[in-house]
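User: I have a structure to go through for class. Can you walk me through it?
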Amino acid sequence: MAQQTSIKRVGMLFSGGPAPAANAVICAAALSFINSGIEVVGFLDGYERLEDFSEGAPLREGVDYLTLTRDDVSGIRNRKDIILRTSRANPGKAITALSDLADPQKNARLLAVYRALDSLAIDALVSIGGDDTLKTANYLYRMQELMPDLRRLKIVHLPKTIDNDYYGIDWTFGFYSAAHFAASEIRNLVADAKSTQTWYVLEIMGRKAGWLTYASGIAGEATRMLSVEDFDGEFDAHAVGRELADLMLAREHDGRRYGIVCIAEGLADKLPEDQKPQATDEHGNVRLGEAQVGRVLADAMERAYQERTGVKVKVRSKQIGYETRCSEPSAFDVLLGTQLGVGAFRALVEEGLTGVMVSVRDQLSLTYVPFSELIDESTLKTRVRFIDRDSDFYRLARALEYQGMLSRQD
């Protein structure tokens, strides 16, 4: 039985990096709306086509968007590719203050997105993505307040990041799948390191927080884990290299001439300015992969070890990155993703909400967090959830690391 609602047509898009169980989210949301008699339009490639919209270049079905049917979204929850695809297009790049949202010189791309949605008579938008995508959703929501002539468009956001650093939700879909995949890679390299008597520095995705580094390191039985939360100031690779050389020597004394150090890629942002790469992405973020912070640390370990012993060693470095983003989704991530997808329907149709992020607590019980609790009003940036150094999760990681000669772990 269809719900009573003024919403007749819903738009949906996925933006930013991929994440396991993305299709579970899309499937559950689409089916919920379709079952209630609401048409679902899935926009392809995130905001890429919407931000370039003009009346002279209308959106084309099958090219720029899909009208999703039950057949389109049935049996896709465990597919690895994202059926709507994604991009890193950033229509709010020029916005630095709330007043910019009504400034024709700065809101042009956001307004193009709105006009594109309006051209297809979209009544509500379901935004799926990371912190930058949440920021864009908030811009579209707040822009309507500052431009009262615009037809009202309801907006809800579904949190996505394998980094798990989202404020307002404990676990994001795809995180556990990515951690499971990375942990498997770590265990393979542990076996390689043990067989060849060598050391590895593994650089793992995580721009702002160390959730993925710690979770995969714990599950993969890494020797040491380091992330942005471990350093209050700069990441001095030379000093850390000396500390890790001490660890190498302690392991040797204990009969182990090998080890695995997992570090978060976000440590590149803490490198001294003369070591950071200059290239940035569409959102103004440093391209962390180009910094090769894992290689920087591995080189520092080699130098420090040689200075201590006079012996030259090879410390290998490897990035575990993009391959985690489209790994096989775990059952938990499929469950979480489907609940978030259903939550989009319930927020818009059953609760009549707008300007909220769908979240869960306890045993996947739905809750809706206003954008105002997720966005810093002074900067318009999203809040980040770091690992608290006093938390039991952080203490778990520290407890399981190699503890020198007193340790009995491999």
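Analyst: What follows is a short tour of this chain, which is a predicted model.

User: How many helices and strands are there in the chain?
Analyst: The chain has 12 helices and 11 strands. Its radius of gyration is 23 Å, close to the 22 Å that the globule rule gives for 410 residues, so the chain is as compact as a globular protein of that length.

User: And what does the C-alpha trace span along its principal axes?
Analyst: About 75 × 45 × 40 Å.

User: New topic. At what angle do α3 and α4 pack?
Analyst: Helix α3 covers residues 108-119 and helix α4 covers residues 131-146; they pack at about 80 degrees, and their axes are 11 Å apart. That angle makes α3 roughly perpendicular to α4.

User: Which residues meet there?
Analyst: From α3, Leu 110, Leu 111, Val 113 and Tyr 114. They meet Thr 136, Tyr 139, Leu 140 and Met 143 of α4.

User: How many of those are nonpolar, polar or charged?
Analyst: The contact of α3 with α4 has 7 nonpolar residues, 1 polar and no charged ones.

User: What about Ile 34, where is its place?
Analyst: Ile 34 lies in helix α1, residues 22-35.

User: Which residues is Ile 34 in contact with, leaving aside its neighbours within four places in sequence?
Analyst: Val 40, Leu 68, Thr 69 and Arg 70. Leu 68 is 34 residues from Ile 34 along the chain, and the C-alpha atoms of the two are separated by 8.6 Å.

User: Which residues line the largest cavity?
Analyst: Asp 131, Asp 165, Tyr 166, Arg 383 and Val 384. By class, the lining has 3 charged residues, 2 nonpolar and no polar ones.

Key. Residues are numbered from 1 along each chain as its sequence is written. This is a predicted model: local features need pLDDT of at least 70, side-chain atom pairs count only at pLDDT 80 or more; totals for chains, interfaces and linings use all residues. Side-chain values use heavy atoms; hydrogens and water are left out. On a 1 Å grid over the protein atoms alone, a cavity is a set of points where a 1.4 Å probe fits but cannot get out, and a pocket is an open set with protein on both sides within 12 Å along at least five of seven lines; lining residues have an atom within 4 Å of a point. Ala, Val, Leu, Ile, Met, Phe, Trp, Tyr, Cys and Pro count as nonpolar, Asp, Glu, Lys and Arg as charged, and the others, Gly among them, as polar. Axes are lines fitted to C-alpha atoms, for helices over the stretch in contact, and angles run from 0 to 180 degrees between N-to-C directions. Helices (H or I, at least four residues) and strands (E, at least two) are DSSP runs, numbered from the N terminus. Angles under 35 degrees count as roughly parallel, over 145 as roughly antiparallel, 65 to 115 as roughly perpendicular and the rest as oblique. Contact means heavy atoms within 4.5 Å. The radius of gyration is taken over C-alpha atoms; the globule rule is 2.2 Å times the number of residues to the power 0.38.
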